[in-house]
Amino acid sequence: MATEVTDVPDKRRYEVRADGEVAGYAEYILTDDLITFTHTEIDPAFEGRGMGSVLVREALDDVRGRELAVLPLCPFVKGWIERHRDYADLVYRSPDE
């Protein structure tokens, strides 16, 4: 199965496609310096195939390239980052921390 993750700014989300079909998405709010992930959803027909991990990894790789900080309000994105510590540097830290 061929997968592709793309940013769809008009819908304010990253989408993962499997063989051309939308398999899931991660919604976000974007500011100049920060992207806040608010909700991630994988179509039930694609669950259990690692689509969520593909989606989050590639979205975060894109975010890293854009030099944005990440505020993971979505529990799935937050948990994924906690399990993949090499992405922890992207997480937004307030100036007080």
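Tyrosine 87 is buried, with a relative accessible area of 5%; buried means under 20%, exposed over 50% and partly exposed in between, using a 1.4 Å probe and protein chains only. This is a predicted model, in which local features need pLDDT of at least 70, side-chain atom pairs count only at pLDDT 80 or more, and totals for chains, interfaces and linings use all residues. Residues are numbered from 1 along each chain as its sequence is written, and side-chain values use heavy atoms, leaving out hydrogens and water.

**Aromatic pairs**

- The whole structure holds 4 aromatic pairs. Rings of Phe, Tyr and Trp (its six-membered ring) pair if their centres lie within 6.5 Å; planes under 30 degrees apart count as stacked, over 60 as edge-to-face and the rest as tilted.
- Tyrosine 28 and phenylalanine 37 make an edge-to-face pair, 6.4 Å centre to centre with 75° between the planes.
- Tyrosine 28 counts as buried because its relative accessibility is 4%. Phenylalanine 37 is buried too, at 2%.
- Tryptophan 80 pairs edge-to-face with tyrosine 87, at 5.1 Å centre to centre and 65° between the planes.
- Tryptophan 80 has 0% relative accessibility, so tryptophan 80 counts as buried.
- Tyr14, Tyr28 and Phe37 are linked into a cluster by ring pairs.

- Strand S1 covers residues 3-8 and strand S2 covers residues 13-18. Strands (E, at least two residues) are DSSP runs, numbered from the N terminus.
- S1 and S2 pair in the antiparallel sense over 6 bridges; pairing requires that DSSP finds at least two bridges between two strands.
- Threonine 3 has alanine 18 in S2 as its bridge partner.
- The two strands form a hairpin with 4 residues between them. Arginine 12, in the turn, has a positive phi of about 55°.

**Arginine 13**

- Arginine 13 lies in strand S2. Its relative accessibility is 15%, so arginine 13 counts as buried.
- The side chains of arginine 13 and glutamate 15 are joined by a polar contact of 2.7 Å. Such a contact is a pair of N or O atoms within 3.5 Å; within protein, one must be able to donate a hydrogen and the other to accept it, and residues adjacent in sequence count only if both atoms are side-chain atoms.
- Not counting residues up to four places away in sequence, arginine 13 touches Thr6, Asp7, Val8, Tyr25, Ala26, Glu27 and Tyr28 (contact means heavy atoms within 4.5 Å).
- Arginine 13 also lies over the face of tyrosine 25, at 4.2 Å from the ring centre. The cut-offs are NZ of Lys or CZ of Arg within 6 Å of the ring centre and within 35 degrees of the ring normal.
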